Amino acid sequence: MNSHLKQINAQNNDADDDIDKAATRSRKKLIRRPGTKGGKLPWNSLQNAKTWRHVAQSVFVVINIYICVTFYIWVRFYETGGNSLYLERPAGIEGWLPIAGLMNLKYFLETWNIPPIHAASMLLLVAFLAMGLLLKKAFCSWLCPVGTLSEALGALGKKLFGRHFSPPRWLDIPLRSLKYLLLAFFLYLVVPMPVQAIQGFLMSPYGLIADVKMLNFFRNIGQVTLISVIVLTIGSLFVQNLWCRYLCPYGALIGLFSLFSPFKVRRNPDSCIDCGKCAKACPSRIPVDRLIQVRTVECTACMSCVESCPAKDTLVFSAFRPKGQPGATRSAGLSGMAIALILTLILGGTIGYAKLAGHWDTKLPEQFYQRLIPQSQMLGHP
Ligand code: SF4
Ligand code: SF4
């Protein structure tokens, strides 16, 4: 334990030396961010956004595990003809039905009626898009369990191989467009669908138990899907956030909304000592040290850059320019605690509204589930 602490202290001292050298090179007076050592806050500081993010990610993973286990027990109850434990269907499972959410959103935008089936899938989609609209792609790095898994695999890969591997730029750019192609494909399927067709699909036996069909997909995973999952898992050890960066259509959609986010990472070039630590820390490989504002759709508001900056009031995640810049109105950026609070308010507010208004649970008569779930394996697409 003591040797580990000594090692951390030595690393911090080396980092402090590097920061001093960068400040000398830049010929700017460095005012250090209060409370930092080696440019970083201790993990247990309430100001440390990374800690808040890891707490939010862990809580969301636990909630999702709870949802999946409860849903499985609920499905088994009907599959066994009522001879197993019964638990209420967790409506949160609908967060895993993005296509139904998209269809319902289209239905809502055309009819201004909340859809009767799987309304929670639409409301959760809207909540995640609202997060994008306000806080860049914070959903991806603060809440999404797939993002958390991807990040964990990347961290494990770095431990094993001592570094991350990045495809060269000529390959990275076309690979990044894959997620937009996938998004375009889903939008192409859903957007032209007439309202009657959406209703017909969601009211069909398949649509009514789309959540059970999704569970079946994972339970009876096909060879091609299994091989894809294995390749992605192994690939994520080498390439940081492989799925999120190149393939996730959900992230691509939130990214498009994030272009309108008032909150952005903003850099004050007057106090920046050009140490490059922010760009090195960015998992999305954004050259933060060369930008004044990070506008790109790739920013996930993970705050890694902000947390690695040694200079006071230099890198902030804010809706305003940092102090010292022309047109600046405020210097304070959002803290990790504030981001966690806003995300909780958006999600909690959406779920609270849906529950109060009676849109949270898809309520079907018991006989529907008793009849449909046991034969779910046989039900095909309408
Ligand atoms: S720019 Fe900063 S907040 Fe955005 S992804 Fe990179 S490290 Fe995270
Ligand atoms: S903004 Fe980036 S380059 Fe500038 S001082 Fe902070 S970490 Fe260093």
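Helix α6 is followed by Gly162, whose phi is positive, near 80°. The model is predicted, with local features requiring pLDDT of at least 70 and side-chain atom pairs counted only at pLDDT 80 or more, whereas totals for chains, interfaces and linings use all residues. Residues are numbered from 1 along each chain as its sequence is written, and chains are lettered from A and ligands numbered from 1 in the order in which they are written.

Helix α6 itself (residues 145-161) comprises 17 residues and reaches 24 Å from its first C-alpha to its last, close to the 24 Å expected at 1.5 Å a residue (1.5 Å times one less than the number of residues). Its buried residues, among them Thr148, Glu151 and Leu153 (buried: 20 or more other C-beta atoms, placed from the backbone, within 10 Å of the residue's own), pack against α2 (49-79), α5 (138-143), α12 (223-238) and α13 (242-246).

Across the 382 residues of the protein, 36% count as buried, and the secondary structure comes to 18 helices and two strands (DSSP runs, numbered from the N terminus, of H or I with at least four residues and of E with at least two, respectively).

For ligand 2, the surrounding residues number 15, and the closest are Cys272, Cys275, Cys278, Asp289 and Cys309.

How values were computed:
Buried ≥ 20, exposed ≤ 12 C-beta atoms within 10 Å, placed from the backbone. Near = placed C-beta within 6 Å. Contact = placed C-beta atoms within 7 Å.
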